[in-house]
Amino acid sequence: MVQIKNQLISSTPYSHGQNNQKLYVTVHETDNNTRGAGAQNHADLQSNGNARDAAWHWQVDDKIAVKSFDHSFSLWAAGDGSGNGNMNSIHVEICVNADSNYKKACENAAELVKKIMNDEGISASNVVQHNRWGGKHCPRKMHDGNAGVTWSQFKNMIGDASGNTGGGSGGGSTSWTKVTGNWTGQTLGNGEYGEPVKQLQTKLSNNNPPFYPNKGANNNGIDSYFGDNTEDAVRRFQSYYGLDVDGLAGTQVYNQLNGSNGSSGSSGGSSSDVKWVGTDDKGKRLEAIASTVNYYDSQRWSNPTGQFHKGQGWIIDNLYRVNGSLQYRVQNSNGDLYYTTARKDLVKVVG
Ligand SMILES: [Zn+2]
């Protein structure tokens with residue numbers, strides 16, 4: 001078991017009080033590559049009155065896990081206002097300092113998360129990435145999946161049995177369920193095989209950017225079998241586009257793969273399903289990084305009101321999920337409000 005140390009802080013301005021219902025564990029990374037910026041260093045930062053407007057319960061590196069706050073605190077860590085992320089989640093920061101072994105830090109984090117799950121009665125399905133609560137790219141390395149530990153590998157470490165048999169990558173006892181026909185948005189999941197799965201895998205691989213089931217493998221893993229690799233690709237795809245990250249390929253994934261890049265309005269004039277998400281980036285500038293990005297005068301994805309050109313942008317006011325995809329509300333210099341995509345390949349937050 002990873003060494004655990006308590007360095008508890010009794011109060012902080014960065015909390016919504018002490019009524020945390022402890023429904024979730026949220027995993028973060030510090031994004032701080034500085035040598036020496038490990039768990040003890042981050043715990044000290046919090047003890048000394050963190051200059052950032054944020055707080056978290058735990059920090060863990062390749063050697064030690066340090067607890068800063070009792071789990072009863074509802075800490076400002078998720079960027080979702082008074083949503084479940086801030087109010088009812090326990091927050092764990094994985095340190096990514098250059099002199100820490102990232103893989104070992106993730107293993108320690110998994111041990112710590114399992115302990116928290118046990119202590120508080122939280123199920124593996126409620127262990128989530130910070131990204132779940134908004135558009136923030138966190139935990140960055142795990143989310144990108146190219147630093148040695150992917151999110152699905154982390155979920156395996158904590159014993160998430162929501163996928164298939166045992167969750168292990170080598171377990172060969174999966175019994176496959178055959179699915180037929182074409183994939184038209186019906187939900188596909190781990191343990192299924194057949195033509196619809198192949199169509200899903202092909203679309204994921206042909207997406208820009210591609211999300212290969214198994215990059216470098218024969219045909220990049222397009223094999224008609226929805227196993228752990230394909231589930232991981234679906235999760236990465238969902239996370240990238242701000243969809244609900246559940247590893248299942250259903251309507252949301254289908255629509256996103258079929259080019260609803262915020263311009264083609266397949267949902268016509270029907271009313272939009274809008275959920276408030278909230279953002280820490282209010283007041284920052286949102287800038288187009290694609291050559292053109294549509295904006296709208298209401299919360300919809302069809303009939304754009306106008307377009308930003310590359311480098312143009314307005315000020316972020318709020319963040320919503322509209323028909324399953326993240327959408328910023330932005331304000332121009334006249335104070336008028338408009339809506340535009342939060343896709344990271346189309347826009348970026350500046351400042
Ligand atoms: Zn985070």
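Ser-100 sits in the loop that runs between strand 5 (89–94) and helix 3 (102–120). Helices (H or I, at least four residues) and strands (E, at least two) are DSSP runs, numbered from the N terminus. The model is predicted, so local features need pLDDT of at least 70 and side-chain atom pairs count only at pLDDT 80 or more, while totals for chains, interfaces and linings use all residues. Residues are numbered from 1 along each chain as its sequence is written, and side-chain values use heavy atoms, with hydrogens and water left out.

Ser-100 counts as buried because its relative accessibility is 12%. Buried means under 20% relative accessible area, exposed means over 50%, and partly exposed lies in between (1.4 Å probe, protein chains only). Leaving aside residues up to four places away in sequence, Ser-100 touches Asp-61, Asp-62, Cys-95 and Ala-105. Contact here means heavy atoms within 4.5 Å.

**The zinc site**

Which protein atoms are the donors of the zinc ion? They are ND1 of His-28, ND1 of His-130 and SG of Cys-138, at 2.1 to 2.3 Å from the ion. Donors are N, O and S atoms within 2.8 Å of the metal (3.2 Å for Na, K and Ca); water is not among the atoms, so sites may look incomplete. Along the chain, the spacing of the zinc donors is H-x101-H-x7-C. Both His-130 and Cys-138 are buried.

**Backbone features**

Most residues other than glycine have a negative phi, and most peptide bonds are trans. Cys-138, one of the zinc donors, is joined to Pro-139 by a cis peptide bond with omega near 0°. Pro-139 belongs to the loop between strand 6 (127–129) and helix 4 (140–144). A cis bond also joins Asn-208 and Pro-209, with omega about 0°. The loop that holds Pro-209 lies between helix 6 (195–206) and helix 7 (228–240).

Ser-224 lies in the loop between helix 6 and helix 7. Its phi is positive, about 75°, although Ser-224 is not a glycine. With a relative accessibility of 17%, Ser-224 counts as buried. Asn-323 is not a glycine either, and has a positive phi of about 50°. Asn-323 is in the loop between strand 13 (313–322) and strand 14 (325–331), and counts as partly exposed at 31% relative accessibility.

**Domains**

The domain assignment gives domain 1 (3–157), domain 2 (177–257) and domain 3 (274–350); such bounds come from an automatic or database domain assignment. The C-alpha centres of domain 1 and domain 2 are 29 Å apart. Six residues from domain 1 and six residues from domain 2 take part in the contact. Between them the two domains bury about 550 Å², with 42% of this on carbon and sulfur atoms. Buried area is the accessible area (1.4 Å probe) that two parts lose on being put together, summed over both. Of the area that domain 1 buries against domain 2, 53% comes from Asn-131, His-143 and Ser-152, more than from any other three residues.

What is the count of residue pairs in polar contact between domain 1 and domain 2? It is three, with both residues at pLDDT 80 or more. A polar contact is a pair of N or O atoms within 3.5 Å; within protein, one must be able to donate a hydrogen and the other to accept it, and residues adjacent in sequence count only if both atoms are side-chain atoms. Zero salt bridges are found across this interface.

**Salt bridges**

Side chains of opposite charge can pair when their charged atoms come close. A salt bridge is a side-chain nitrogen of Lys or Arg within 4 Å of a carboxyl oxygen of Asp or Glu. The structure holds 15 salt bridges, including the following.

| Pair | Closest N and O atoms |
|---|---|
| Asp-31 and Arg-140 | 3.0 Å |
| Arg-236 and Asp-232 | 3.2 Å |
| Arg-321 and Asp-244 | 3.8 Å |

Asp-31 is in the loop between strand 2 (24–29) and helix 1 (39–47) and Arg-140 is in helix 4, so this pair ties together parts that are 109 residues apart in sequence. Asp-31 is partly exposed at 38% relative accessibility, and Arg-140 is partly exposed at 36%.

Arg-236 and Asp-232 are separated by about one helical turn because they are four residues apart in helix 7. Arg-236 is partly exposed at 21% relative accessibility, whereas Asp-232 is buried at 11%.

Arg-321 is buried, with a relative accessibility of 11%, while Asp-244 is partly exposed at 36%. Lys-282, Asp-317 and Arg-329 are linked in a network of salt bridges.
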